[in-house]
Amino acid sequence: MADLKLTDSEFEWEGTLIAAAQHISEVLRSRRTLTDEERKALVDLRVQLSAIRVVNPGKFNEKGIMNDKIENLYSVNEIIMAWDADQSMIWEAGKEEVAHEYMNAVEETQKLIEYLESLNLDNDSDKNEVLRKAHDILQMAMSRLEDEFRLLLVQNRCPFEPEKVQPHTNEDDAAEKGLITSFGASPSFDESIHKGNESKVSEENIMVDLVHPDVIPDLRSISNLMFHSGYGFECSQSYVHVRKEALEDCLSFLGMERMSIEDVFKMEWTNWNSTAKTWVRAVKVFVRVYLAREKWLSDKIFGEISSSPGCFLEASKSVMFQLLNFGEAVSLGPHQPEKLFRVLDMYEVMVDLKQYVNELFTEETEIGSLVRFEYEQVLKRLGESATLTFLEVKNAIASNPSTTSFASGGVHHLTRYIMNYLNALTDYNDTLELLLKDRGEEDSFPSSPDMNLPVVEEESNSGRTDHLPEISRVSRHFHNISSILQSNLNDKSHLYRDAALQQLFLMNNVHYMAEKVKNSELRIVFGDEWIKKQNGKFQQHALNYERAAWSSILSLLKDDGLHGLGSGSVSKTLLKERFRSFALAFEDVYRAQTAWLISDLQLREELRISISVKVIQAYRTFVGRHSHQISDKHIKYSADDLENLLLDLFEGAPKSLGNPSRR
């Protein structure tokens, strides 16, 4: 709209016109609410008044220009005062023009203040009064803009979208059912648990809106105006308060509640394990998705002024410290072997996120430097905790005595636990190697008698090739752990009174260890030479078992002691007694060894075949040699009977023989 210019002849009634317009505005403003028509009329009046410029050739001095500016102050005062009395929000839907008008009014007030302060009119009471009034109007407007800014942030906050950042898989359910328990009386380990089964979130491809994009330009306009008007602190505080609360809600949404170090120390294992697992996922999503977007939002709103980094840092620092507090609590906790995997997960995710944290929290600022320092400290302490926990495994095995023998002579739960534990640790091989190197772990423990360079044989088109990598620190420790485990198992074997069961127990456990290494990633760590040695060991235990269990029975199938005194012929009485003794001895072995257990089907079958070859062949020969000397009724079992009965051995289900009929 063109300016309305007043000539000298018209100037006399200008004051009357302005006074009348002001009276109309006062009447309308005194009403609590305005109709749309009334508000439109008031706006038009304000626009007309703001366009009035007095053209008086005799007043082109500083005083005259000031009078001209003062007239504009009346107009913007009306606009700002009207909204101060109005309870509705300026930036509500459909009020873009009104919001633009309000912002223009505030800008005009700001410009007037700058102009008045630049005038060289010392001790001018009119100027000072107008300047005071302008500051009052600006302060009122800033208070309103601060409220509008805060409400825009709150009301336009986007809801969290769990399907974007936390996909749920069946593997998660399986993992939650029991990774490991402890080194107590019955440790257990879920063999299906590996790092690879964790659900993956591709954070790089996740884009979330924290605030509705449509309001970001309005937020930026308000922040720019408030900062340029000297109210940047109030604007920043409003932003920090709202966004800090939003980030705290984000952590809660991701499953992390605020807790003290003491709270973490008091957690039971199941709760601790679940919380640590949640923390690993939460920190990945929080840093790479939400903090990254929070930084983006801060830059978009405050990017034209210097306070963008400060607002982001102030809003996010306490939430970062909340996350780091849990990491610190875990690092300060007891070094229990069952916690190692979660501690390593936490350490690894912090290593992966270190670059992102450094980019978000620059060291040029005090807050950024503090966050980075705390992050480094927690990362270091988690690494130390993981290392000490790993080294504690050997002590845990050595201090796991038993007072009673393990039922059935099968694979001890400690053997399963340790071998599955080591197998799962291969996922962290590189991390453990670096941690042990940083600690200087080299030759701090005696070498295992089974330790050799891990050789893994592979077949190629040109024939067999052997890979001879330099033995690693992890490999040294794994060898040592396996030796301590075997020593512990040897001690446990002495709890059996039956020498045969002692050997069966050792055979079962050494075989399990060898097979576990052979058919897993542990083969790379231990090497084929170690596997060969363990195969030789369990085969020796099998041979020792056969000697202890069957030598006395096989001795009954020899002719020694069957000849009568002074006679070269076999005594029928002694022969009958020999068959009866054999049957009783076999029944005793059968009763005992059907209760014994060999869980590996192939090993069970191989041992049965070995026994059958020795016992059945000897029995057939013995019966064939003496069957014509006594009646069949004195031969309780045929060779076929015995061969079938041997199939019942090592099933872990005790059976006994009554008076079986001939088969």
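Hi everyone, let's start with a meeting of side by side residues: Leu575, Arg578, Phe579 and Phe582 in helix 22 are in contact with Tyr619, Phe622, Val623 and His626 in helix 23. Contact here means heavy atoms within 4.5 Å. Helices are DSSP runs of H or I with at least four residues, strands are E runs of at least two, and both are numbered from the N terminus.

Before going on, a word about what we are looking at. This is a predicted model, where local features need pLDDT of at least 70 and side-chain atom pairs count only at pLDDT 80 or more, while totals for chains, interfaces and linings use all residues. Residues are numbered from 1 along each chain as its sequence is written, and side-chain values use heavy atoms, with hydrogens and water left out.

Back to our pair. Two packed helices are described by the angle between their axes and the distance between the axes. Helix 22 (residues 572–593) and helix 23 (residues 601–626) pack at about 155 degrees, with axes 12 Å apart. That makes helix 22 roughly antiparallel to helix 23. The axes are lines fitted to C-alpha atoms, for helices over the stretch in contact, and the angles run from 0 to 180 degrees between N-to-C directions. Under 35 degrees counts as roughly parallel, over 145 as roughly antiparallel, 65 to 115 as roughly perpendicular, and the rest as oblique.

Now a second pair. Helix 16 and helix 18 (residues 473–493) pack at an angle of about 175 degrees, and their axes are 11 Å apart. These helices are therefore roughly antiparallel to each other. On the helix 16 side, the residues include Leu414, Ile418 and Leu422, and they face a helix 18 group that includes Phe478, Ile481 and Leu485.

Let's zoom out. The chain has 24 helices and four strands. How much of the chain is buried? Buried residues make up 49% of its 663 residues. Buried means under 20% relative accessible area, exposed means over 50%, and partly exposed is in between, using a 1.4 Å probe and protein chains only. Among contacts with a separation of 6 or more, 81% come from residues 24 or more positions apart.

Most residues other than glycine have a negative phi. Ser408 is not a glycine, yet has a positive phi of about 75 degrees. Ser408 sits in the loop between helix 15 (366–398) and helix 16 (413–425). Phe650 also is not a glycine and has a positive phi, of about 65 degrees, and Phe650 lies in the segment after helix 24 (639–646). Which is buried and which is partly exposed? Ser408 counts as partly exposed because its relative accessibility is 26%, whereas Phe650 counts as buried because its value is 0%.

Finally, the cysteines. A disulfide is a covalent bond between the sulfur atoms of two cysteines. How many disulfides does the structure hold?

One last stop is Asn224, in helix 9 (residues 216–228). Asn224 is buried, at 10% relative accessible area, and touches Glu304 and Ile305, leaving aside residues up to four places away in sequence.
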